[in-house]
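Here is a short report for someone meeting this structure for the first time.

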Amino acid sequence: MKTSLIAAALAASMVSGSVYADVDISGFASVVGGKVISGEGVPEFGLEPTFLANYPIVGFYEEDWSFKPDSKYGLQISADLTEGLTATAQVVGRGADDFNAEFEWAYLSYTLNEHWTLQAGKKRLPLYYYSDFFDVSYAYLWIRPAADNYTWQIFNYNGVNAQFNYQVNDWTVSGNIYTGREDDTENKLLSEFFGSQPIREIWKNIVGGVLSLNRDWLDLRFTYMTYQNERYRNGVKVTWDGDDSRRGKFAGLSANIDYNNWLVLTEFNRLTLDGGDFDTYLLSAGYRVGQWTPFVSFADFDSESEMHSTSSIGARWDFHSSAAFKVQYDDVTDDGINGQMVAGDSKAITFGIDLVF
Amino acid sequence: MNWLKFVAIPLVLSATAASAEVAVVVHPSNAASLDQAEISRLFTGRGSAFNNGSKATPLNLAESAPARAEFDTKVLGKSSSQMKAYWSKLVFTGKGTPPKELATDADVKAAVAADPGAIGYIDAAAVDATVKVVGKF
């Protein structure tokens, strides 16, 4: 576990400041169970039939019922230090990590004016549309955003962020610009799932931005990020064509529609790394009938060497003012990485409850 | 078919919500004019000032108050659970804070009467001279 100085400082300032500051506590949780109904697994690795539901934290289902891969809880403490300054920390425990509590967010926020806010500390990388609220399942339709899209091994960064919000005629124009780095001393996905040696994954010189345009029923989002990748395998620096670092560039577009009870959710993303393109997209449609929202979804990952996709059908039921029940069936087609399967084809059922408080 | 009943009851409940009129209220000294789009902007965190430039402090009713669901549906065009999903995305990503919630119409009226920058909403039947109505829905 990595405890950043910022996290420790924030936690300390909240404890000592609680006498003076207005402290808000809020949280979220998901309790989700599921199993693989049928699947191929990857016999050459001794992998039983597996549904890999979450790449970065290696959350996967097998043929026995499990309540761990998608279950999680989060607790957010936010202290209003007045005059525009706020300290926020979020502790998240995920079933895939045996519910070990970690500081996922710890940042200071300063409101410059009506339009701009500056933040510094540890945050989630806002790459894909759902990246920065991936853990808050209550805020979206499915049990989880499609695994085929949300595959990248780094999902936090330490740095600074400037976010803005403007009203231009009928459009709300918002977004943020950020820079920072992340040094994951033992990356779970690369060390455990795609290998068996400890891998230290560094994304440095991260510079990115998000632009969102909202109007009535239409929500458009553009995202771009570039970073420099360094990697150590077993303590030895990895080289790519003789270079000990490589640059990645990520670009994405998302268009979402929420019109007359119809929901259409889309995103299209491309990561360019080592001269190759890693393309992902997600298409979902849902229709709200009272408290129920049945949906269908398709997500795809496509690069020259790696291909997999997931077709899903499910429903969300807002049975309570702070909780939603969800059930989902996923059918994964795995065309592998360089001829080797990621986790093989699988069909899986998952269901559970998401809540916020 | 117990399962069907299980599905049908919540549908019926959500369709039979009361339909009293909701009045959006501000401090009597507030001269700002507000249409539905502007009210919606203030209550969704997309704007934080009245059209005359002065800072606005929106006040929500708790979910237990009947006018809350009315306001969410008629003015914001969303169900209360859609609004909760919307706010949970903003709150847990550090992009926004939902309006403060007060328990009753009387609490909102008292808070608006005491704050020139406040904007709230109450059951239209609860309006009196301590607040100024800027819209009825």
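## Two loop residues

A:F99 sits in the loop between β5 and β6 (101-111) of chain A. The model is a predicted one. The phi of A:F99 is positive, about 60°, although the residue is not a glycine. A:F99 counts as partly exposed because it has 13 C-beta neighbours inside 10 Å.

A:E83 lies in the loop between β4 (72-80) and β5 (85-94) of chain A. Its phi is near 55°, a positive value in a residue other than glycine. A:E83 has 7 C-beta neighbours inside 10 Å, so it counts as exposed.

| Residue | Phi | C-beta neighbours inside 10 Å |
|---|---|---|
| A:F99 | about 60° | 13 neighbours |
| A:E83 | near 55° | 7 neighbours |

## Where the chains meet

The contact takes 25 residues from chain A and 21 residues from chain B. On the chain B side, α1 (2-15) and α4 each supply at least two residues. The largest share of that side comes from α4(B), with 7 residues. By type, the chain B side that touches chain A divides into 8 polar, 7 nonpolar and 6 charged residues.

## Helix α4 of chain B

Helix α4 of chain B covers residues 80-91. At 1.5 Å a residue, its 12 residues should span 16 Å; the end C-alpha atoms are 16 Å apart, which agrees.

Which residues of α4(B) are buried? They are B:S81, B:M83, B:K84, B:A85, B:W87, B:S88 and B:V91. Their cover includes β1 (22-39), β17 (306-320) and β19 (346-356) of chain A. From chain B, α3 (66-74) is also part of that cover.

Notes: Residues are numbered from 1 along each chain as its sequence is written. Chains are lettered from A and ligands numbered from 1 in the order in which they are written. This is a predicted model: local features need pLDDT of at least 70, side-chain atom pairs count only at pLDDT 80 or more; totals for chains, interfaces and linings use all residues. Helices (H or I, at least four residues) and strands (E, at least two) are DSSP runs, numbered from the N terminus. The expected span of a helix is 1.5 Å times one less than its number of residues. A residue is buried if 20 or more other C-beta atoms lie within 10 Å of its own, exposed if 12 or fewer, and partly exposed in between; C-beta atoms are placed from the backbone. Two residues are in contact if their C-beta atoms, placed from the backbone, lie within 7 Å. Ala, Val, Leu, Ile, Met, Phe, Trp, Tyr, Cys and Pro count as nonpolar, Asp, Glu, Lys and Arg as charged, and the others, Gly among them, as polar.
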